[in-house]
Protein chains: 2
Amino acid sequence: MIVVKIGGVEGLGIEPLCADVAHLIGNGEQVVLVHGGSHRTNVISEKLGHPPRFVTSVSGHVSRYTDRETLEIFAMVVAGQVNKLLVERLQGLGVNAVGLSGPDGRLLEGRRKSALKIVEKGKRKVLRGEWSGVIQRVNVSLLRLLLDHGYTPVIAPLAISHEGEMVNVDGDRAAAAVAAALGAETLVLLSNVPGLLRDFPDEGSLIRSIGRGEVEAYFPYARGRMKKKLLGATEALEDGVGRVIIADGRAQNPIRRALAGEGTVIAQESLLF
Amino acid sequence: MIVVKIGGVEGLGIEPLCADVAHLIGNGEQVVLVHGGSHRTNVISEKLGHPPRFVTSVSGHVSRYTDRETLEIFAMVVAGQVNKLLVERLQGLGVNAVGLSGPDGRLLEGRRKSALKIVEKGKRKVLRGEWSGVIQRVNVSLLRLLLDHGYTPVIAPLAISHEGEMVNVDGDRAAAAVAAALGAETLVLLSNVPGLLRDFPDEGSLIRSIGRGEVEAYFPYARGRMKKKLLGATEALEDGVGRVIIADGRAQNPIRRALAGEGTVIAQESLLF
């Protein structure tokens with residue numbers, strides 16, 4: 001069982017990626033895909049006259065402010081566009097893909113974060129009306145039901161709160177939660193760089209392996225979204241996933257290359273290459 | 001087993017509709033929802049700078065020209081916005097809804113219509129690059145798998161061609177295909193009028209019942225989208241659905257009212273009220 005997190009549909013080539021999934025499934029592997037769509041959401045939000053707003057948290061992280069309108073645009077783009085284009089492409093390659101998002105069958109359930117503590121013009125303030133969340137439960141039985149009947153789940157990064165509200169969640173951490181819940185052997189997090197770089201953006205400075213206990217020490221090397229990948233990796237390993245590989249999604253056969261150890265492999269020491 | 005076709009999310013109140021579905025499911029009924037989203041697609045298409053184009057077929061029908069860009073906007077709106085808002089609302093009411101569209105698990109499979117024969121400025125011409133289709137097969141086993149495990153399918157009107165291309169399909173006819181495939185007892189087609197009107201828009205001229213063999217004779221009374229509803233009704237009855245009720249989606253408890261016979265009931269003579 002392999003869980004693969006991919007980006008949106010641009011940047012990372014959808015064609016080689018889907019071909020790679022088809023190859024693995026043809027070889028009898030079970031694969032679950034989790035995808036993103038933030039960049040495309042920003043583009044569509046701009047066009048619809050509701051440009052994205054980014055805020056800085058008190059801990060210094062920059063993140064998107066998801067008001068209700070942004071959430072609905074995000075849902076539209078990730079569940080209706082990115083997800084369906086992936087399902088279409090996979091179906092064209094003979095993979096019986098089924099697109100889902102967190103609210104479907106309460107696949108991904110969690111806590112809504114309805115306010116953000118931010119810093120604006122040097123002042124701390126609380127920003128209400130946020131529609132994002134943190135996953136606390138995965139409906140594994142729905143995933144197994146589909147997998148056992150030959151379907152390949154393709155999951156959009158939305159969740160449902162305990163109160164039944166749709167929320168935006170981080171795709172890397174959603175993939176980590178899914179991998180942990182399924183007891184997956186491997187979680188592959190595809191990126192637009194070859195893995196964690198010691199000296200960003202020098203691709204020659206790729207860090208090839210990290211022992212499970214050492215991840216914390218590598219956070220200083222992570223830029224931007226790479227931090228979420230390390231966080232997801234930590235969560236997945238803590239919850240029993242064998243190894244996490246952060247790898248290059250731009251290559252041919254990106255998943256097979258990752259499985260062969262190309263990228264940053266984070267695992268129990270005994271599982272490192 | 002009841003299959004219900006609703007419109008998009010505006011016009012027909014999503015709130016009373018979802019409450020009605022929750023009530024029926026609470027009473028042990030199995031319900032499958034099929035929805036639309038054309039109006040909302042037109043609005044978003046305009047905003048995204050790709051306004052909808054309507055064409056007149058050689059037989060005089062006006063329909064949307066679905067080029068690839070329109071298809072992707074349509075998918076985004078119906079599968080990502082309308083579908084997820086319905087799933088969210090139903091989940092909030094305790095209904096374990098799962099949103100799907102035709103490409104998911106090849107739920108709705110059919111023939112792509114890639115060219116339209118149209119009349120423009122009095123001249124006949126063939127318009128290529130169309131991405132719509134006609135449903136020929138429903139993956140009933142996927143629907144039963146979900147229903148048997150307590151999930152309520154909510155279906156967006158997209159299908160997949162035999163070649164694996166995503167296509168736009170008519171929601172009323174999709175609902176008819178689903179009802180027929182499931183051997184549903186009743187198909188409810190909700191509208192923004194009380195049913196088929198003999199003297200449109202006089203709501204007092206509601207036609208209360210039509211025998212199965214007589215539908216053809218009533219086509220002249222149908223305006224606009226009502227024609228598709230009569231066509232869907234004909235197809236559903238031919239394929240074994242017990243009765244089709246075209247009813248008012250704007251009312252409180254719209255489904256229960258329809259099931260009680262409020263609307264235009266089309267059935268075998270023995271099943272008419």
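**Exercise 1. Which residues of helix H5 of chain B are buried?**

Solution. Start with the test. A residue is buried if 20 or more other C-beta atoms, placed from the backbone, lie within 10 Å of its own; it is exposed at 12 or fewer, and partly exposed in between. Helices (H or I, at least four residues) and strands (E, at least two) are DSSP runs, numbered from the N terminus. Now go along H5(B). The buried residues are B:Gly171, B:Asp172, B:Arg173, B:Ala174, B:Ala175, B:Ala176, B:Ala177, B:Val178, B:Ala179, B:Ala180, B:Ala181 and B:Leu182. That is twelve of twelve, and H5(B) is mostly covered.

A note on the source. This is a predicted model: local features need pLDDT of at least 70, side-chain atom pairs count only at pLDDT 80 or more, and totals for chains, interfaces and linings use all residues. Residues are numbered from 1 along each chain as its sequence is written, while chains are lettered from A and ligands numbered from 1 in the order in which they are written.

**Exercise 2. Find how far H5(B) reaches, and what follows it.**

Solution. Take the expected span: 1.5 Å times one less than the number of residues. For the twelve residues of H5(B), 16 Å is expected. From first C-alpha to last, H5(B) reaches 16 Å, close to that value. Then step past the end.

**Exercise 3. Give the strand order of the open sheet in chain B, and name its edges.**

Solution. Strands pair if DSSP finds at least two bridges between them. The eight strands run in the order E5-E8-E2-E1-E11-E13-E14-E12, with mixed pairing. E5 (97-101) and E12 (209-211) of chain B each have a single partner strand, so one side of each lacks a neighbour in the sheet. On average, neighbouring strands are turned by 20 degrees against each other, direction ignored. Zoom in on one pair. E13 (residues 243-248) and E14 (residues 264-267) of chain B run antiparallel, joined by four bridges. B:Arg243 has B:Ala267 as its bridge partner in E14(B).

Definitions and conventions: Axes are lines fitted to C-alpha atoms, for helices over the stretch in contact, and angles run from 0 to 180 degrees between N-to-C directions.
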